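Let's take a guided look at a protein model, going from its sheet to its charged pairs and its surface. Have your viewer ready.

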Amino acid sequence: MYWKYNNYRLPDEMSFVYTCRAKLDAGGWSTVLLDQKLQGPGGPDGGLDLIEEALQRCPGAQVIVITGYATSESVTRAFAAGAYDLIEKTEVLAALLRLK
């Protein structure tokens, strides 16, 4: 099953989470980027729910949360779960990602 967001075709959250777990278990990751809202703007904070699991599956990796929906609560929650950093999605971030 897939869902569409901003004209991108993405797998539903469960198959996405399953795929992420398999990739994390493959090892070798020094940095893990997690989007706060895996299901788009109206969805739950699924990315925040995966921070601790990512750290367990990839010891020593730095987990960075990216979001366009930061609140003081979500920022506090991310860092309490062990996030290394939190980056807000802005036009500058979009430009940086295109360049890298």
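In what order do the three strands of the open sheet stand, and is the pairing parallel or antiparallel? The order is β3-β4-β5, and the pairing is parallel.

## About the model

This is a predicted model, in which local features need pLDDT of at least 70 and side-chain atom pairs count only at pLDDT 80 or more, while totals for chains, interfaces and linings use all residues. Residues are numbered from 1 along each chain as its sequence is written, and side-chain values use heavy atoms, with hydrogens and water left out.

## The chain as a whole

The protein chain has five helices and five strands; these are DSSP runs numbered from the N terminus, with helices being H or I of at least four residues and strands being E of at least two. Along the sequence, the pattern reads β-β-α-β-α-α-β-α-β-α.

Of the chain's 100 residues, 34% count as buried. Here buried means under 20% relative accessible area, exposed means over 50%, and partly exposed lies in between (1.4 Å probe, protein chains only). The protein chain exposes about 6,700 Å², and carbon and sulfur atoms supply 55% of that area. Accessible areas come from the Shrake-Rupley method with a 1.4 Å probe, and for residues only the protein chains shown count as cover. Among contacts in the protein chain with a separation of 6 or more, 47% are between residues 24 or more positions apart; a contact means heavy atoms within 4.5 Å.

## The parallel sheet

Back to the sheet, with its order β3-β4-β5. β3 (31–35) and β5 (85–88) stand at the edges with a single partner strand each, so one side of each has no neighbour in the sheet. From one strand to the next, the twist averages 25 degrees; axes are lines fitted to C-alpha atoms, for helices over the stretch in contact, and angles run from 0 to 180 degrees between N-to-C directions.

Two strands pair if DSSP finds at least two bridges between them. β3 and β4 (residues 62–67) run parallel and are joined by five bridges. On this side of β4, T31 has Q62 as its bridge partner, and L34 stands opposite V65. Four bridges join β4 to β5, again running parallel, and I64 has its bridge partner D85 in β5. How many of the six residues of β4 are buried? Five of them are, which leaves β4 mostly covered.

K37 sits in the loop between β3 and α2. With 17% relative accessibility, K37 counts as buried. Leaving aside residues up to four places away in sequence, K37 touches G43, P44, D45 and Y69. K37 and V65 are 28 residues apart in sequence, and their C-alpha atoms are 9.9 Å apart in space.

## Salt bridges

Side chains of opposite charge can pair when their charged atoms come close. The whole structure holds five salt bridges, each defined as a side-chain nitrogen of Lys or Arg within 4 Å of a carboxyl oxygen of Asp or Glu. One of them joins D35 and K89 at 2.5 Å, N to O. This pair links distant parts of the chain, with D35 in strand β3 and K89 in the loop between β5 and α5, 54 residues apart. K89 is partly exposed, because its relative accessibility is 39%.

Another salt bridge joins D49 and R77 at 2.2 Å, N to O. D49 lies in helix α2 (residues 46–49) and R77 in helix α4 (residues 72–80), so this pair ties together parts 28 residues apart in sequence. Both ends are partly exposed: D49 at 48% relative accessibility and R77 at 34%.

R57 and E53 also meet, at 2.8 Å, N to O. Both belong to helix α3 (residues 51–57) and lie four residues apart, about one turn of the helix. R57 is partly exposed at 29%, whereas E53 is buried at 18%. Through shared partners, salt bridges join R21, D25, E53 and R57 into one network.

## A nonpolar surface patch

V92, L96 and L99 form a nonpolar patch on the surface, with about 330 Å² of accessible area together. Patches are made of residues with over 30% relative accessible area and no salt bridge, joining like charges within 9 Å and nonpolar side chains (Val, Leu, Ile, Met, Phe, Trp, Tyr) within 5 Å. L96 belongs to helix α5 (residues 91–99) and, at 44% relative accessibility, counts as partly exposed.
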